[in-house]
Amino acid sequence: MDDKDKLINLDDNSFSSDDEEVIKKPQQQQSLSSLPAINSNEIEASTSQSQPVFEKGTFDNAIDVPPLLDINAEAPEISEDITTQQISSNNLNHNHNHNHVQHDPEPVFHVRSRTSAAQAGNNHQAHIQYESLDYDVCDNTLFQDEQRKRLRDRFSLRTHVIRWIIFILIGIITALIASSIDIIIEELSEIKYKFLKQSVDDNVPMTDRNGDLALPFLWWILLSIVPVAIGATMVTYIEPITAGSGIPQVKSYLNGVKVPRIVRIKTLAVKAIGVITSVVGGLAGGKEGPMIHAGAVVAAGISQGKSTTFIKDFHIFKAFRDDHEKRDFVLGGAAAGVSAAFGAPIGGMLFSLEEAASFWNQNLIWRTLVASIISSFTLNIVLSAYHGLQDFTFTGLFNLGKFDQPLSFEYFELPLFMLLGVTGGLLGAAWNALNMRINKFRKRFVPWKVGKVFEAILVAILGVTMACTMIYFINDCRPLGNDPTIHPVQLFCEDNEYNAVAALWFQTPEATVRALFHDPPGSHKILTLAMFTLVYYVLSCATFGLNVSLGVFIPTALVGAAWGRLVAMLLFYVFPAAQFLHPGKYALIGAAANLGGVLRMTISLSVILMETTGIETSFFFPLIIALISAKWVGDYFNDGIYDTVIEVNNVPMLPWEPLPQYKGLTANEILSKPVVCIKLVDSAHYIYEMLRRCNHNGFPVVDNVVDDRRSEGRVCGIILRSQLIVILLKSLYVENKRFWLPETTIQTFRDVYPRYPSIKSVRPLDRKINYTVDLSTFMNPSPVRVNMHDSVPKIFNIFRALGLRHMLVINNENRIAGIITRRDFIYK
């Protein structure tokens, strides 16, 4: 069966919901109680197309691994999904006071969505449900009234100024949070490694005393597992969404996927504490990646002017309370987080453009750049003052220091840099594949929360054991003064010497990267760097995916810097007369190549490395050659680590281009039908029962309806589930219009954003059962409509460019033919 057949040859009785999917079991069919004024045509699906199946009935993207994000999605609002029930047309009424009019029974529908299909093969797998975000502005009558009012009272100018103020506040607060985290980590790490150095010095066996090195080993384990256990426990039991760096989650959010609890204040608190405990515990990770998530949370919180966690509304920034506005602020927060992490304002803006953003415009470039500059400047002031410096030299958390001499290169080195990039691409692709297998293994065999905490503790113990083994068995003694390490450990070395292996481990990973960049030639043995590269490569791969808050940037850069410096040492061993073999230069190229192989970033990563190290623009060419080579080679084998995490979690991300399987198809071949529709003036009881019995989030509004056959009406707009619930909650009925009409504005709906109430919060209508709702004021009268014969690549470009959640498909008579959501473009 070819791809097209797999995509369009589906069961006629299958559909999938937009945001909440279930697998229908035929033996569980039950009778559905009657709905007044609804015929059998009205219990209909309203969203995405069914999951394509193979000839043997197995799903083509079925995997048996739970999502890595490990989030608890909110349960469906209904206690009994309509798709698992048998529809009985004999009980459906045409009118309360008229005779029953029976219609031909509709087929029984069941859900087989692309996301749920991936989970169908494993009954023990957790069911994760993702919703879409409403990036498309609801251009209804209330919104238009607000726009006209803004023109009269110059509110647009004030809103424009306030938007700039918010971006500045995002930069300042993100930098203050990053500074606090960095200062705490530095202080605790200083205490930890100073104590361990003293313990090693006091327990080294000497001729005049008996020592026992098992004691500092046990102290090291204790000082590692305690903070790691604290951080893993908080992440696992309080906010599982804070695991990892958070970049895949932010990227999904900016693409239009609502990841539960991603921008909560509690998420930020757990993220900050988790990063501190994980880095202090000595895990192979860094604090730079989580800063991007932290910046996104700060942006989402400030821009709304209220806190749903603390139930506090400051009554400011009300105009920005919708998904469209929040998306732009979150993007600025992510850029500010990158700038604070690396001290690279331009790199932060480019990172948002290259890696995070799915929607972009010119005005957003300036606002994002301002947030990045303010973040970097604020952090520079705070950290420089903390370290007692008069000049501003602490531009970011990831401070690699400046090279003593300008880095230069010979043109015959360019092929060598390209080979380093190819090596980084191969190592990065292998790292991503190995990490995915490790995470699949741990998700299958360590499903318990307490097991996840003990797993993090076990990896911490493993790291300490491997580090102690290297320090004990590798004899690498160097003269004091040649290495800038803060805590030189003598161990078995002679007087005025230090152990170079211990110098790599007795400091934070950021300090080790800085040492590999700037240590003078001859600071390490070839065996030392070879073993360190191997150990940290495996250790970082086992660490990423634990239930702790850590980023992958630092360990990836550290591994690359180690093997890059190792390559320079090996070349110098073969060609001792070569003067161009500067070990710091090759450490930088190796770090860039390894980062490119794992992350698959190019432009933003090169700018970040340039801004962080202060290298000359002339060295940009070798960097970009290594990065592009690494990306091309890595892309041949698999995706970058962030995209891999998103794919394993079955997040319905929209790619930049439609997938090849969609070429030659039309909208009629991928749409979902039939569709739940609502009349322009409809019964409140019908709306209430419809919301209670199905869980769709978008409903076409139709008129010219004959005999309540709503699905045959002409399309005049679209209404969202959240809007309908607010209408019912506030009793915005036609019969009492004179009471609510003067006070109802677009702000009525913004006040309950973003945690819209569920239909369970609406009381039964009782005496209001005969009331009606006129949707002409609330619906979006200009939904995006495409003809059923339009090509899929064309409608995909429209759907993605506009950030849509629902796209209506109509026939030549403007009658609803079906509906398309993002899941219809996800071919697995």
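Biologist: What makes β9 and β11 a pair, and in which sense do they run?
Modeller: In this predicted model, two bridges link β9 and β11, and their sense is parallel. A pair needs at least two bridges, so β9 and β11 qualify. In that pairing, Ile-678 has Val-701 of β11 as its bridge partner.

Biologist: How do you know that β11 also pairs with β12, and how do they run?
Modeller: Six bridges join β11 (residues 698-703) to β12, and the two run antiparallel. Pro-700 has Ile-718 of β12 as its bridge partner, while Phe-699 stands opposite Ile-719 in β12.

Biologist: Why is the pairing in this sheet called mixed?
Modeller: The open sheet has three strands in the order β9-β11-β12, with mixed pairing. β9 and β11 are parallel, whereas β11 and β12 are antiparallel.

Biologist: What makes β9 and β12 edge strands?
Modeller: β9 (678-679) and β12 (714-720) each have a single partner strand, so one side of each lacks a neighbour in the sheet. Helix α23 (residues 721-729) packs on this sheet, touching β9, β11 and β12, and its direction makes about 75° with that of β12.

Biologist: Why is β11 said to be largely enclosed?
Modeller: Five of the six residues of β11 are buried, so the rest of the structure largely encloses this strand.

Biologist: Why is Ser-731 called buried?
Modeller: Its relative accessible area is 13%, and buried means under 20%, so Ser-731 counts as buried. Ser-731 is found in the loop between α23 and α24 (737-740). Leaving aside residues up to four places away in sequence, Ser-731 touches Asn-736, Trp-740 and Lys-768.

Biologist: Let us turn to the helices. What span does α7 reach, and what span is expected?
Modeller: Helix α7 (residues 265-280) has 16 residues and reaches 23 Å from its first C-alpha to its last, close to the 22 Å expected at 1.5 Å a residue. After α7 comes Gly-282, with a positive phi near 90°.

Biologist: What makes α7 largely enclosed?
Modeller: Of its 16 residues, 12 are buried, so the rest of the structure largely encloses α7. Among the buried ones are Leu-268, Val-270, Lys-271 and Ile-276.

Biologist: How do α9 and α11 cross, and which residues make the contact?
Modeller: The axes of α9 (residues 323-342) and α11 (residues 362-386) come within 8 Å and cross at roughly 35°, and the crossing is right-handed. The contact includes Asp-328, Leu-331 and Ala-335 of α9 and Leu-364, Thr-368 and Leu-379 of α11. By type, the contact residues divide into seven nonpolar, six polar and one charged.

Biologist: And for the protein chain as a whole, how many helices and strands are there, and what share of residues is buried?
Modeller: The protein chain has 26 helices and 16 strands, and buried residues make up 59% of its 828 residues.

Methods
Residues numbered from 1 in each chain as written. Predicted model: local features only at pLDDT ≥ 70, side-chain atom pairs only at ≥ 80, totals over all residues. Heavy atoms only, no water. Axes fitted to C-alpha atoms, helices over the stretch in contact; angles between N-to-C directions. Helix = DSSP H or I, 4+ residues; strand = E, 2+ residues; numbered from the N terminus. Left-handed = near helix turned anticlockwise from the far one by under 90°. Contact = heavy atoms within 4.5 Å. Nonpolar A, V, L, I, M, F, W, Y, C, P; charged D, E, K, R; others polar. Expected span 1.5 Å × (residues − 1). Buried < 20%, exposed > 50% of the residue type's maximum accessible area, 1.4 Å probe, protein only.
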